[in-house]
Amino acid sequence: MIAQLFAQSGQDAYYGEPVTQLEHALQCAHLAEQHGADNETVVAAFLHDIGHLLPPELANGYMDGYGTVDHEKLGADFLREQGFSEKVAQLIENHVNAKRYLVYKHPDYFARLSEASVRTLEFQGGPMKAGEALAFETNPYFKGILQLRAWDEQAKIPGLTTPGMEHYLEKFENLL
């Protein structure tokens with residue numbers, strides 16, 4: 001099913017960035033591997049934007065040409081249904097919250113966001129409030145979520161060589 005989603009939409013542009021959906025996923029997973037992440041984290045890095053690839057009828061709307069509203073929740077719920085672990089789902093479900101948190105906690109982070117990330121932040125609730133940030137910091141996967149966000153921001157390099165999708169599909173099979 002996941003391979004089919006990437007076959008159908010993986011060559012679509014990654015909203016407002018110079019790479020495709022598949023290139024972004026491969027780069028993010030490759031960064032996770034390069035940093036010695038465990039298989040669950042590598043898989044979450046590869047699949048963090050799977051919600052953008054799900055059928056349109058599952059979408060709660062769109063962000064003015066920047067993808068599916070709540071793609072992180074849609075993707076996490078879809079992967080739970082497929083049998084992926086709660087860790088994988090939590091890393092994916094919270095990668096947008098990580099952006100909102102970092103903008104709140106480190107104002108200079110906002111200046112480093114791509115234009116597309118700035119635009120989507122408006123649809124995603126803007127910077128967290130103090131109470132939201134305190135609650136977010138208690139997530140048991142907090143550090144991993146922030147790390148995934150960092151890789152997400154870096155995974156936008158046109159033409160970067162990475163392992164192919166088959167490499168990561170094998171990791172999925174080992175987890176399921």
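Entry one, a helix pair. I looked up helix 6 (residues 95-105) and helix 8 (residues 115-123), which pack at an angle of about 95° with their axes 11 Å apart; helices here are DSSP runs of H or I with at least four residues, numbered from the N terminus. The axes are lines fitted to C-alpha atoms over the stretch in contact, and the angles run from 0 to 180 degrees between N-to-C directions. That angle makes helix 6 roughly perpendicular to helix 8, a term for angles of 65 to 115 degrees. On the side of helix 6, Lys99, Arg100 and Val103 meet Ser117, Thr120 and Leu121 of helix 8, where contact means heavy atoms within 4.5 Å. By class, this contact has two nonpolar, two polar and two charged residues; Ala, Val, Leu, Ile, Met, Phe, Trp, Tyr, Cys and Pro count as nonpolar, Asp, Glu, Lys and Arg as charged, and the others, Gly among them, as polar.

A note on the basis of these entries: the model is predicted, so I kept in mind that local features need pLDDT of at least 70 and side-chain atom pairs count only at pLDDT 80 or more, while totals for chains, interfaces and linings use all residues. Residues are numbered from 1 along each chain as its sequence is written, and side-chain values use heavy atoms, with hydrogens and water left out.

I found that the structure holds two cavities of 30 Å³ or more, a cavity being a set of points on a 1 Å grid over the protein atoms alone where a 1.4 Å probe fits but cannot get out. The second largest cavity holds about 40 Å³ of space, and its lining, meaning residues with an atom within 4 Å of a point, includes Phe6, His24, Phe46 and Asp49. Helix 2 (residues 21-34) gives the largest share of that lining, three residues.

Among the buried residues of helix 3 are Val42, Ala44 and Phe46.

I then turned to Leu79, which has its place in helix 4 and is buried, with a relative accessible area of 0%. Leu79 touches Ile2, Leu47, Ile50, Phe84 and Ile92, not counting residues up to four places away in sequence.

Technical notes: Helices (H or I, at least four residues) and strands (E, at least two) are DSSP runs, numbered from the N terminus. Angles under 35 degrees count as roughly parallel, over 145 as roughly antiparallel, 65 to 115 as roughly perpendicular and the rest as oblique. On a 1 Å grid over the protein atoms alone, a cavity is a set of points where a 1.4 Å probe fits but cannot get out, and a pocket is an open set with protein on both sides within 12 Å along at least five of seven lines; lining residues have an atom within 4 Å of a point. Grid points are joined across faces, edges and corners, and a volume is the space filled by probe spheres set on the points. Buried means under 20% relative accessible area, exposed over 50%, partly exposed in between (1.4 Å probe, protein chains only).
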